[in-house]
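Good morning, and thank you for joining. Please look at the sequence and structure as they come up, and I shall then walk through one part of the model.

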Amino acid sequence: LCNAVASNPHSKLKILDIGDAEDTADSGADDQATLTGDEGSFALANLLATNTNWHELNLSQSDWISPKGWQILSSSLNNPHLNLEALDLSFNNMCDIGVQALGSALLHNTRLKKLCLECNRSITLTGWRNFFRLLHDSISELETISLSYNHIHGEGVDYMADALTTISSLKSLHLPDNVFITCARWQRVSSLLHQPDSTLEELCLLCDSSGSNITDEVVAEFANALVDNTSLKKLYFDFSYDRGSMITGLDTLASVLYNKTSIDAIFASNHTLQAFQCGRNLPIDLSTYLELNRNSNKNEVARAKILRHFLDGDGDVHELVQMEMKTMPFVIALIGKKAAALPLLYRLTQGLSSLFDSDCKMREDDGILPAIGKKRMV
């Protein structure tokens, strides 16, 4: 098949799916099976070299590929003319040699956007460490990476976090069922969200196994990492422990999305996260904040939260006096934008006199505003 397609110079095929392909060699002839697998790898590499229009390649469940075969296939990714954008290598017996070869191939590859390495449990800590070291030094422009159902643990997690922070194009990261990652290492993963230039929009940490180390404290750590994050839209968790013990994590997340300690704090709250899953029904308030954040107009989101602050009785118009001057005009404009907020705007108008007096007094005390300036404002 590979040779037939490779020999056709007019082929316009863009997707090659040979996942779950079985070795045709006699299962009892180990030497012949290995030879057939390597021959197949050579044929695939030749296909990728001669037909550079491929956009997607699915090699999932390709147990016939040997360590040498992975080296052969990975080398084909070095072809600067290859347009491959999506590569699925999930559910294979890829070993340390194979994943290191893949890392080397990605060093100078900027075409690949989606990489799936799910369930390659033959890769040891050494293999993951070498792979992530290479990825750290690469110029990769990957947008989606799936590392689910693997045995990444220990310092491998640290190398992973360090490598992923260097990929400025990363938008989606899947890490479900890496059950050997400890609580402390999960907190290390949360550092990805602290990056000021983070582009990550989706983070999936779902875990179906009873050995999950994702605890309430871990959820709280991820929530706190979202305080200054403006990219993440979807965060997915699940829990294998008592679901009644999630109070801290959910409360922390709610306060990050709607920090009602002051109007300035509300204005600076996280208005980006839109979806959160944790294996249970969310509190009504948290669901409301997530729904508000789905509005693409973030000024409107801030307005709605500030309006809620006053209508719920948590706010006082005199809070405006303590606001930063650069924020105050925006807040007043946002509150008065909707007809439903007119009663609140009226209350604000009633307080404007004391507001300006306080402001002018502050400026006079600082020697910024002369007395005539005060008269003009009055």
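Let me begin with D216, which is buried, with a relative accessible area of 6%; buried means under 20% relative accessible area, exposed over 50%, and partly exposed in between, with a 1.4 Å probe and protein chains only. This is a predicted model, in which local features need pLDDT of at least 70 and side-chain atom pairs count only at pLDDT 80 or more, while totals for chains, interfaces and linings use all residues. Residues are numbered from 1 along each chain as its sequence is written, and side-chain values use heavy atoms, with hydrogens and water left out.

D216 belongs to helix α8; helices (H or I, at least four residues) and strands (E, at least two) are DSSP runs, numbered from the N terminus. The D216 side chain reaches the backbone nitrogen of T248 at 3.2 Å.

How enclosed is helix α8 by the rest of the structure? Seven of its 10 residues, in the run 216-225, are buried, so the helix is largely enclosed. The buried residues are D216, V218, V219, A220, F222, A223 and A225. Among the elements that cover them are α7 (183-189), β7 (202-204), β8 (234-236), α9 (247-257) and β9 (275-277).

I turn now to the aromatic rings. The structure holds six aromatic pairs, that is, rings of Phe, Tyr and Trp (its six-membered ring) with centres within 6.5 Å; planes under 30 degrees apart count as stacked, over 60 as edge-to-face and the rest as tilted. One of these pairs, F222 with F237, is edge-to-face, at 5.4 Å centre to centre and 75 degrees between the planes. Because F222 lies in helix α8 and F237 in the loop between β8 and α9, the pair ties together parts that are 15 residues apart in sequence. Both F222 and F237 are buried.

Terms used: Contact means heavy atoms within 4.5 Å. A polar contact is a pair of N or O atoms within 3.5 Å; within protein, one must be able to donate a hydrogen and the other to accept it, and residues adjacent in sequence count only if both atoms are side-chain atoms.
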